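Subject: Structure handover

Hello,

Here is the structure I promised to pass on. Please open it first, then read my notes below.

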Amino acid sequence: MNSKNISRYAQDYLEANGWDDCFLVEVITSPSGKIEVYLDSDTGISFLQCRKVSRHIEAIIDESKEFGEKYTLEVSSPGLSRPLKFFRQYKKNIGRKVHVKTAEKTFKGIMKEVSEQEMLLEQTKPIKKGSKKKIIVENRIDMKDILETKIAVSF
């Protein structure tokens, strides 16, 4: 299955409709006929926007028969389970609790600042093992060292 075509259909629709703050995050296709399209926005993607993009892509696929008769198309935001991929996603999520994975270590904390070069992560740690007293520690993490960043789910 050709995910490049799906990417192009989605990008073309976003541009044609002037949705400059929206962007394509990822397209995943599987041999079973499932097509997943993840969109995001600097201000948050809406259900209505996802539905419009989905209908646009579906119309093209149905006409071209590119994926045959049996396929499943899902267009949505990446959600909390998907890692951040683009700098603009990092910027949008400043102030949120994140899990950052590097080759050496996994960090958990609040993303306080981000630039193209580094992230400032604020962590709360006990003063000593077993202590209830905590201190705030700031870690600067090189963006090039980050393997994966996910938004932490908090209740």
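Let me start with Glu-66. Glu-66 sits in the loop between helix H2 (47–64) and strand S3 (72–76). Helices (H or I, at least four residues) and strands (E, at least two) are DSSP runs, numbered from the N terminus. This is a predicted model, in which local features need pLDDT of at least 70, side-chain atom pairs count only at pLDDT 80 or more, and totals for chains, interfaces and linings use all residues. Residues are numbered from 1 along each chain as its sequence is written, and side-chain values use heavy atoms, with hydrogens and water left out.

Back to Glu-66. Its relative accessibility is 28%, so Glu-66 counts as partly exposed. The cut-offs are these: buried is under 20% relative accessible area, exposed is over 50%, and partly exposed is in between (1.4 Å probe, protein chains only). Leaving out residues up to four places away in sequence, Glu-66 touches Asn-2, Asn-5, Tyr-9 and Ile-61. Contact here means heavy atoms within 4.5 Å. Asn-2 is 64 residues from Glu-66 in sequence, yet their C-alpha atoms are 8.6 Å apart.

Which side chains make polar contacts with the side chain of Glu-66? One is that of Asn-5, at 2.7 Å. Another is that of Tyr-9, at 2.6 Å. A polar contact is a pair of N or O atoms within 3.5 Å; within protein, one must be able to donate a hydrogen and the other to accept it, and residues adjacent in sequence count only if both atoms are side-chain atoms.

Lys-65 lies in the loop between H2 and S3 too. Lys-65 has a phi near 60°, a positive value in a residue other than glycine. With 48% relative accessibility, Lys-65 counts as partly exposed.

Gln-49 belongs to helix H2. At 16% relative accessibility, Gln-49 counts as buried. Not counting residues up to four places away in sequence, Gln-49 touches Trp-19, Cys-22 and Gly-44.

Now the aromatic rings. Rings of Phe, Tyr and Trp (its six-membered ring) pair if their centres lie within 6.5 Å; planes under 30 degrees apart count as stacked, over 60 as edge-to-face and the rest as tilted. How many aromatic pairs are there by this rule? The count is 2. The rings of Tyr-13 and Trp-19 have centres 5.6 Å apart and planes at 80°, so this pair is edge-to-face. Tyr-13 and Trp-19 are both buried. The rings of Phe-23 and Phe-86 have centres 5.9 Å apart and planes at 90°, so they are edge-to-face. That pair links distant parts of the chain: Phe-23 is in strand S1 (residues 22–29), Phe-86 is in the loop between S3 and helix H3 (87–92), and 63 residues separate them. Buried or partly exposed? Phe-23 is buried, at a relative accessible area of 7%. Phe-86 is partly exposed, at 33%.

Next, Asp-21. Asp-21 is placed in the loop between helix H1 (3–16) and S1. Asp-21 is partly exposed, with a relative accessible area of 27%. Neighbours within four places in sequence aside, Asp-21 is in contact with Asp-40, Ser-41, Asp-42, Thr-43 and Arg-88. Asp-21 and Asp-40 are 19 residues apart in sequence and 8.4 Å apart in space, C-alpha to C-alpha.

Two strand residues follow. Thr-149 is in strand S8 (residues 146–151). Thr-149 is buried, with a relative accessible area of 0%. Its side chain makes a polar contact of 2.9 Å with the side chain of Tyr-90. Beyond four places in sequence, Thr-149 touches Pro-83, Leu-84, Val-98 and Met-119, among others.

Gly-109 lies in strand S5 (residues 106–114). Gly-109 is buried, with a relative accessible area of 5%. Neighbours within four places in sequence aside, its contacts include Arg-96, Val-98, Leu-121 and Gln-123. Gly-95 is 14 residues from Gly-109 along the chain, and 9.6 Å separates their C-alpha atoms.

Please start with Glu-66 and its polar contacts with Asn-5 and Tyr-9.

Best wishes
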